[in-house]
Amino acid sequence: APHDTEDSFMRWVQVISSNEVRIFAYSPKSKDLFVKIKITGENILVKPAQVKERPVSTDDKDPIVVVRKLDEKKPFKFSSIVQSFFGKPIEKPSNNYIYGLPFQPSKSYLVSQGCRGNTHKISTDYEYAVDFAMPEDSLVYSSREGEVVDAQDEYNNNGGGDEFLKLSNGLIIRHPDGTYGTYGHLKHHGIYVRVGDFVRKGQLIASSGNT
């Protein structure tokens, strides 16, 4: 019996039988997505024993991990801790690169929140984020060249609660040095590039929204 869940990047499926559970993680819309999973429980055999880090599949054919009942005569149970992230850690990002602003040179916008602001807290995914107070439908340009590895513009919701964190339209660009740039709060159906496209610095990529 399959049981599946989905977040903004990745789909999880657990195929459950009487003596084993196969866990799949795949991402049909994203590239460069990696996953770590830790399994603990009782009366279980886990293969592979420890999944430190592996790329997520683009389909549901290859399980991330298989949890089997060790003793057929006893019940088994387990829990899992999962982390997903883009790319592998890199040793030498290009610290001297000068980024462009994500809008036309003739425009200017208020920085409504900088790095380590009220919601850009230390040691979170948003620590180094910068928010520009741009009207909806403002044009957004790439601050650095690279390949588009994720693009999502299907959402049309907004709000201040945590339940809206995964409902922000956005795209992610992998830069030549292995770092990633994320553009968020984009317009519903307002992304003009696709996963796999290579974009140049200063290229029109999206329109701003309120997601």
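Two strands pair if DSSP finds at least two bridges between them. Strands (E, at least two residues) and helices (H or I, at least four) are DSSP runs, numbered from the N terminus. The model shown is predicted: local features need pLDDT of at least 70, side-chain atom pairs count only at pLDDT 80 or more, and totals for chains, interfaces and linings use all residues. Residues are numbered from 1 along each chain as its sequence is written, and side-chain values use heavy atoms, with hydrogens and water left out.

**View 1. An open sheet of four strands.** Strand S13 (residues 170-174) and S14 run antiparallel and are joined by four bridges. Isoleucine 173 stands opposite glycine 181 in S14. The open sheet has four strands in the order S14-S13-S12-S16, with antiparallel pairing. Strand S14 (180-183) and strand S16 (198-199) each have a single partner strand, so they stand at the edges and one side of each is left without a neighbour in the sheet. Strands of a sheet pair through backbone hydrogen bonds, either parallel or antiparallel.

**View 2. The hairpin of S2 and S3.** S2 and S3 form a hairpin, and three residues lie between them. Strand S2 (residues 11-16) runs antiparallel to strand S3 (residues 20-26), and six bridges join the two. Isoleucine 16 has valine 21 of S3 opposite.

View 3. The bond from lysine 47 to proline 48 is cis, and its omega is near -10 degrees. Proline 48 belongs to the loop between strand S5 (44-47) and strand S6 (51-55).

**View 4. Two loop residues with positive phi.** Serine 123 is not a glycine, yet its phi is positive, at about 70 degrees. Serine 123 is in the loop between strand S9 (111-113) and strand S10 (131-132). In the terms used here, buried means under 20% relative accessible area, exposed over 50%, and partly exposed in between (1.4 Å probe, protein chains only). Serine 123 counts as exposed because its relative accessibility is 67%. Aspartate 137, also a residue other than glycine, has a positive phi near 75 degrees. Aspartate 137 sits in the loop between S10 and strand S11 (139-141), and at 46% relative accessibility it counts as partly exposed.

View 5. Rings of Phe, Tyr and Trp (its six-membered ring) pair if their centres lie within 6.5 Å; planes under 30 degrees apart count as stacked, over 60 as edge-to-face and the rest as tilted. The count by this rule is three aromatic pairs. Tyrosine 97 and tyrosine 99 form an edge-to-face pair, 5.0 Å centre to centre with 75 degrees between the planes. The pair of phenylalanine 103 and tyrosine 109 is edge-to-face because the planes stand at 80 degrees, with the ring centres 4.9 Å apart. Phenylalanine 103 counts as buried, at 8% relative accessibility. Phe103, Tyr109 and Phe132 are linked into a cluster by ring pairs. Tyrosine 97 is partly exposed, at 22% relative accessibility, and the charged end of arginine 144 sits over its ring, 4.0 Å from the centre. A charge sits over a ring if NZ of Lys or CZ of Arg is within 6 Å of the ring centre and within 35 degrees of the ring normal.
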